[in-house]
Amino acid sequence: MDRAEVETRIRTLIEPFNKKGVAIDEDTTFAGDLEFDSLTVMDFVAAIEDEFDIIISMNQQAEIETWGQLIDAVDTMQAK
């Protein structure tokens with residue numbers, strides 16, 4: 001699966017969490033632009049982990065601030 005396919009799948013997963021219908025691009029931030037609180041982040045991460053059968057550690061989550069970083073991280077993890 002390439003990066004574009006990963007992004008398409010994650011775009012589907014984020015829809016129910018993107019309550020304000022924010023346009024998402026590479027630089028969209030989860031805390032600032034999407035206004036995700038910690039519970040929303042946990043639920044969204046769990047959905048990604050289930051979809052891709054991966055584990056995103058707390059350390060990795062702390063480093064991921066933008067949409068592009070998330071796509072790159074999931075793309076790298078699911079390729080293993």
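Predicted model: local features only at pLDDT ≥ 70, side-chain atom pairs only at ≥ 80, totals over all residues.
Guide: Residues are numbered from 1 along each chain as its sequence is written, and side-chain values use heavy atoms, with hydrogens and water left out.

Visitor: What makes residues 67–78 a helix, and how does the reach of H4 compare with the expected span?

Guide: Helices are DSSP runs of H or I with at least four residues, numbered from the N terminus, and H4 has 12 residues. The expected span is 1.5 Å times one less than the number of residues; H4 reaches 16 Å from its first C-alpha to its last, close to the 16 Å expected.

Visitor: Why is H4 called largely enclosed?

Guide: A residue is buried under 20% relative accessible area, exposed over 50% and partly exposed in between, using a 1.4 Å probe and protein chains only. Nine of the 12 residues of H4 are buried, so H4 is largely enclosed by the rest of the structure. Among these buried residues are Trp67, Leu70, Ile71 and Val74, and the buried residues of H4 pack against helices H1, H2 and H3.

Visitor: What makes a group of residues a nonpolar core, and which members touch the most others?

Guide: Such a core is a set of buried Ala, Val, Leu, Ile, Met, Phe, Trp, Tyr and Cys residues joined through side-chain atoms within 4.5 Å. The largest one has 23 residues, of which Ile10, Phe44 and Ile48 touch the most other members. The largest share of this core, six residues, comes from H4.

Visitor: Why is H1 called oblique to H2?

Guide: H1 and H2 pack at an angle of about 135°, with their axes 10 Å apart. Angles under 35 degrees count as roughly parallel, over 145 as roughly antiparallel, 65 to 115 as roughly perpendicular and the rest as oblique, so H1 is oblique to H2. Contact means heavy atoms within 4.5 Å, and the residues making it include Ile10 and Leu13 of H1 with Phe44 and Ile48 of H2.

Visitor: How do you know whether glutamate 35 and aspartate 53 are exposed or partly exposed?

Guide: Glutamate 35, in the loop between H1 and H2, has 48% relative accessibility and therefore counts as partly exposed. Aspartate 53, in the loop between H2 and H3, has a relative accessible area of 73% and is therefore exposed.

How values were computed
Helix = DSSP H or I, 4+ residues; strand = E, 2+ residues; numbered from the N terminus. Axes fitted to C-alpha atoms, helices over the stretch in contact; angles between N-to-C directions.
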